[in-house]
Amino acid sequence: MTGAVLIVEDDGGLRELLAVILEGEGFMVETAANGREALDSMLARPPAVVLLDMRMPIMDGWQLAMEIDRSGIPRPPIVVLTAAADPAERAAEVRADAWLAKPFDRSALLSVVRRYAQ
Amino acid sequence: MGMPGAGAITVRERVLLELARRDKSDLGETFQAITEAAAVVLDVARVSIWEIVENHGGEPDPRLVCKDLYLSNERRHVSYVPIHARDFPAYLDAVHERRTIAADDAQTDPRTREFKEFYLKPLGITSMMDVPIWHHGQVYGVLCFEHIGPVRQWQANEQSFAIHLADIASLSLEAAELLTMRKRWEVVVESMEEGVAVLDTTGTAIQYNRAAWRDFGERVGGLTFSEREAASEYVDATDRPIPRKDWPFFRSMRGEIIRGEICGFVVRKTGERRYLRLTCSPVTEDGLIKYVVAVGVDVTEEVFFERLKREVLAGLAHELKTPLAIAKGYAQQLRSTPTLPEGWPRMLDAITRACDRMDHLSEMLLDLSSMILGRLRLTRERINLVDLALSAVRRAEQEAPDHRFELEVHTGPVASVIVDRTRIAQTLRQLLDNAVAYSDPGTTVAIEVSTDDDHATIVIHDHGVGIPAASQPNIFRMFFKAHGGTPHDKGGLGVGLYLAREVVRRHGGDLFFESEEGKGSTFTLQLPLAGTP
């Protein structure tokens with residue numbers, strides 16, 4: 001195990017669900033409610049993969065991706081989690097490695113996380 | 001003593017000239033001037049103008065209606081009661097012969113003697129001269145000279161003077177009519193809710209009505225082009241700035257007729273936005289565009305309401321996704337527990353399916369709003385339509401295990417199309433879902449993929465309830481449900497086929513169908529084939 005799955009999602013309910021599913025499968029989980037918190041967390045403990053919601057207050061997904069590049073920290077794999085109609089485009093905008101459209105399938109979530117975090 | 005004859009003609013000429021010159025905007029005044037001048041110049045006791053009104057209350061009932069009667073002795077204008085002309089057929093015939101009736105002895109003249117007992121004798125009238133007054137090529141009425149005293153012989157020069165006077169009466173009728181028409185037109189244009197303006201080639205409003213001043217003059221800038229340009233920015237219905245050269249005025253100056261386009265004005269000083277539905281057309285004179293006529297209706301409220309509707313639609317659909325993800329996620333999380341109580345797996349699966357259905361509905365709303373807003377973007381890639389059809393059929397087989405699916409491919413292994421994979425897959429799914437929804441379990445759904453020189457075609461044929469003939473012309477309409485309110489109503493928004501065809505058409509393809517009620521439907525999806533890469 002290299003590091004935690006960092007869940008960046010402003011909706012508390014969804015954040016908790018993701019943590020429950022992933023912890024239930026034995027993943028370490030860190031959570032952040034916005035890009036700012038995520039950046040702090042990443043600086044403290046580099047994650048294995050970031051599950052990134054795009055629309056968030058304070059610092060959104062686009063800003064976070066920019067900040068990661070600017071800060072010079074190693075860029076972790078990013079999985080965009082989006083409610084947008086064109087998730088692939090959202091993912092491309094932040095050069096993400098994969099995407100999950102809300103509402104996602106549990107199995108799809110696990111398989112994409114496993115790809116980067118085990 | 002000079003020559004009385006020559007002097008008299010000069011007076012008559014001067015009178016005619018003055019009458020012809022005078023302002024004829026008031027018909028009543030003009031008629032009074034004519035009768036008075038005629039009475040004085042020809043020295044006649046009574047001169048009058050009568051209109052012949054042929055119908056009364058919709059029935060033929062000719063009447064002579066007195067418009068003015070000048071009495072020389074009393075030097076005043078009076079009126080007279082209408083006369084029922086059907087009692088005087090000979091007179092009416094004579095008038096309609098359109099010649100001057102010069103009745104020296106009016107009480108015996110066959111054309112006028114009908115009036116003897118009732119009119120001529122009581123009033124002491126001995127001689128009459130009636131000249132028809134023309135209007136629109138018809139007899140409008142008569143200019144009537146009535147002489148009291150010894151029988152008088154009407155001279156040729158008197159008759160011709162009378163005819164000139166009748167002509168002036170005709171002219172004043174025409175002038176009055178033009179004026180009435182113009183006034184009526186002005187009232188109509190002025191009271192219109194639509195703004196109407198005539199712009200010259202510099203864009204200055206040279207004529208405009210009240211609504212035009214309110215909506216595009218006062219509110220968004222002014223009368224001249226430069227005033228408007230300084231005051232407002234021009235935008236389209238979605239608030240994108242319109243480049244100067246594409247402003248409606250310039251387009252019409254280039255000859256274009258603009259029909260009902262929405263043009264917005266953002267007032268620079270206040271930020272206020274107004275939207276007009278504009279119709280602009282060029283007016284040419286001698287082959288050159290001389291004016292632009294602009295008709296505009298303020299549709300600001302409608303534009304805002306429409307926007308609110310769409311944005312709420314899209315926003316709501318989007319906001320549904322997170323709670324759906326939570327509900328679906330927990331249902332699946334619980335479902336993954338190895339030891340579930342009896343019945344729970346089925347219940348949890350039902351929750352997952354319900355979430356997927358809600359998600360599907362919100363997808364449709366999102367698609368619909370982006371379609372309406374023109375924001376639907378296609379991410380095209382080269383794909384093999386056969387593969388897409390195969391996976392769509394496999395998915396349908398899983399979801400509808402009680403139906404039989406028969407896939408036939410007549411294309412060779414590859415039918416390359418350059419399409420948005422997700423959208424075309426959605427479209428196929430929609431068509432297959434419909435085929436399943438409207439046919440009984442156990443029946444067959446046949447899918448055939450083929451190609452010709454230009455097109456790849458997928459035909460989906462079911463043996464279901466079919467589409468009622470009366471509904472067939474409407475099935476691609478937004479929100480139309482062919483089976484709405486019938487036992488075959490499967491719910492939904494009635495937008496599936498609308499979206500499906502729009503998506504296919506945006507790819508340069510088409511979607512059409514044949515259907516017979518009780519026998520089934522055949523939907524044909526056609527997409528342009530991609531050339532070899």
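Pro103(A) lies in the loop between strand E5 (98-101) and helix H5 (106-117) of chain A. The model is a predicted one. In it, the peptide bond from Lys102(A) to Pro103(A) is cis, with omega near -5°. Both residues are also touched by a lysine of the partner chain: the contacts of Lys321(B) include Lys102(A) and Pro103(A).

Chain A is built from five helices and five strands. Read from the N terminus, its elements follow the order β-α-β-α-β-α-β-α-β-α. The chain has 118 residues, of which 53% count as buried.

The interface of the two chains was examined next. Chain A and chain B together bury about 1,600 Å². Carbon and sulfur atoms account for 55% of that area. On the side of chain A, the most area is lost by Leu17(A), Pro103(A) and Arg106(A), which together make up 36% of what that side buries. The contact draws 17 residues from chain A and 15 residues from chain B.

Polar interactions also cross the interface. Five residue pairs are in polar contact there, both partners being at pLDDT 80 or more. Helix H1 (residues 12-24) of chain A supplies the largest share of the side of chain A that touches chain B, namely six residues. By residue class, that side of chain A comprises eight nonpolar, one polar and eight charged residues. One salt bridge is found between the chains. Its partners are Lys328(B) and Asp105(A), with the closest N and O atoms 3.5 Å apart.

Lys321(B) is buried, because its relative accessible area is 1%, below the 20% cut-off. Its side chain makes a polar contact of 2.9 Å with the side chain of Asp359(B). Leaving aside residues up to four places away in sequence, Lys321(B) touches residues of both chains. In chain A these are Ala83(A), Lys102(A) and Pro103(A). In chain B they are Asp359(B), Ser362(B), Glu363(B) and Leu366(B).

Aromatic residues were then considered. Over all chains, the structure holds 20 aromatic pairs. One of them joins Tyr275(B) and Phe304(B) in an edge-to-face arrangement, with 5.7 Å from centre to centre and 80° between the planes. Tyr275(B) sits in strand E12 (residues 273-285) of chain B and Phe304(B) in helix H9 (residues 300-319) of chain B, so the pair ties together parts that are 29 residues apart in sequence. Tyr275(B) counts as buried, at 0% relative accessibility, whereas Phe304(B) counts as partly exposed, at 37%. Elsewhere in chain B, a single aromatic cluster is formed by Trp50(B), Tyr80(B), Phe88(B), Tyr91(B), Phe115(B), Phe118(B) and Tyr119(B).

Asp43(B) has a phi near 55°, a positive value in a residue other than glycine. Asp43(B) is placed in the loop between helix H2 (27-42) and strand E1 (46-56) of chain B. With 60% relative accessibility, Asp43(B) counts as exposed. Asp286(B) is likewise not a glycine, yet its phi is positive, at about 50°. The loop that holds Asp286(B) runs between E12 and strand E13 (288-298) of chain B. Asp286(B) counts as exposed because its relative accessibility is 78%, above the 50% cut-off.

Gly484(B) lies in the loop between strand E18 (455-461) and helix H14 (496-506) of chain B. At 37% relative accessibility, Gly484(B) counts as partly exposed. Gly484(B) and Gly494(B) are separated by 10 residues in sequence and by 8.7 Å in space, C-alpha to C-alpha.

Notes
Residues numbered from 1 in each chain as written. Chains lettered and ligands numbered in written order. Predicted model: local features only at pLDDT ≥ 70, side-chain atom pairs only at ≥ 80, totals over all residues. Heavy atoms only, no water. Contact = heavy atoms within 4.5 Å. Buried area = accessible area lost by both parts, 1.4 Å probe. Salt bridge = Lys/Arg side-chain N within 4 Å of Asp/Glu carboxyl O. Polar contact = N/O pair within 3.5 Å; in protein donor to acceptor, adjacent residues only side chain to side chain. Helix = DSSP H or I, 4+ residues; strand = E, 2+ residues; numbered from the N terminus. Nonpolar A, V, L, I, M, F, W, Y, C, P; charged D, E, K, R; others polar. Phe/Tyr/Trp six-rings, centres within 6.5 Å; stacked < 30°, edge-to-face > 60°. Buried < 20%, exposed > 50% of the residue type's maximum accessible area, 1.4 Å probe, protein only.
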